[in-house]
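Here's a quick briefing to read alongside the structure. Take a look at it first, then follow the notes below.

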Amino acid sequence: MSDEPRVYPPDTGWKDLAPGGIVPQAGNAECYSVAGWRLVHPVRDNEACIDCLFCWLYCPDSAILQEGGSVKGKPIDMVHCKGCGVCAAVCPKECIKMVPESEAAEQGQTG
Ligand code: SF4
Ligand code: SF4
């Protein structure tokens with residue numbers, strides 16, 4: 001399949017269009033940064049975290065990093081975090097806060 005985008009003349013019928021919603025290469029999301037999509041930034045309180053791993057399990061972008069069954073003190077992959085807030089919503093201890101990007105940058109939480 002060609003990587004070149006197709007350009008259709010304006011009178012093209014819908015049956016002549018290529019089907020949409022196709023992922024031509026599976027598993028390539030890790031090659032792309034979604035950091036620019038983010039308006040809010042997850043900040044975890046490591047003291048309050050009980051390492052239940054819900055955030056790691058539910059993050060749709062595998063941006064919560066864990067090692068040896070623990071997320072405490074581990075960075076969040078801010079290249080692949082899009083700021084959806086799922087991690088904060090599922091946390092039973094409410095120890096992940098979504099803060100505005102500008103505030104996170106002021107706190108030195110960049111990435
Ligand atoms: S905000 Fe969304 S993408 Fe970012 S770490 Fe939380 S669940 Fe994952
Ligand atoms: S969901 Fe909350 S308590 Fe559970 S591991 Fe994540 S930050 Fe810690």
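Where does Gln66 lie? You'll find Gln66 in the loop that runs between α1 (54-58) and α2 (86-90). Keep in mind that this is a predicted model. With that spot found, here's a tour by topic.

**Around Gln66**
- Setting aside residues up to four places away in sequence, Gln66 touches Leu53, Trp56, Val71 and Lys74.
- Ile76 sits 10 residues from Gln66 along the chain, and their C-alpha atoms are 9.0 Å apart.

**The nonpolar core**
- The largest nonpolar core has 10 residues: Cys55, Cys59, Ala63, Ile64, Val71, Ile76, Cys81, Cys87, Cys91 and Ile96.
- In soluble globular proteins, nonpolar side chains tend to be buried together.
- One core member, Cys91, is in contact with Phe54, Cys55 and Ile96, once its neighbours within four places in sequence are left out.

**Ligand 1**
- There are 13 residues around ligand 1, and the nearest are Cys59, Cys81, Cys84, Val86 and Cys87.
- Sorted by class, that shell holds 9 nonpolar, 2 polar and 2 charged residues.

**Ligand 2**
- Ligand 2 has 14 residues around it, with Cys49, Cys52, Phe54, Cys55 and Cys91 coming nearest.
- Its shell is made up of 11 nonpolar and 3 charged residues, with no polar ones.
- Cys55 and Cys91 turn up among those nearest residues, and they also belong to the largest nonpolar core.

Technical notes
Residues numbered from 1 in each chain as written. Chains lettered and ligands numbered in written order. Predicted model: local features only at pLDDT ≥ 70, side-chain atom pairs only at ≥ 80, totals over all residues. Near = placed C-beta within 6 Å. Nonpolar A, V, L, I, M, F, W, Y, C, P; charged D, E, K, R; others polar. Core = buried A, V, L, I, M, F, W, Y, C linked by C-beta atoms within 7 Å. Buried ≥ 20, exposed ≤ 12 C-beta atoms within 10 Å, placed from the backbone. Contact = placed C-beta atoms within 7 Å. Helix = DSSP H or I, 4+ residues; strand = E, 2+ residues; numbered from the N terminus.
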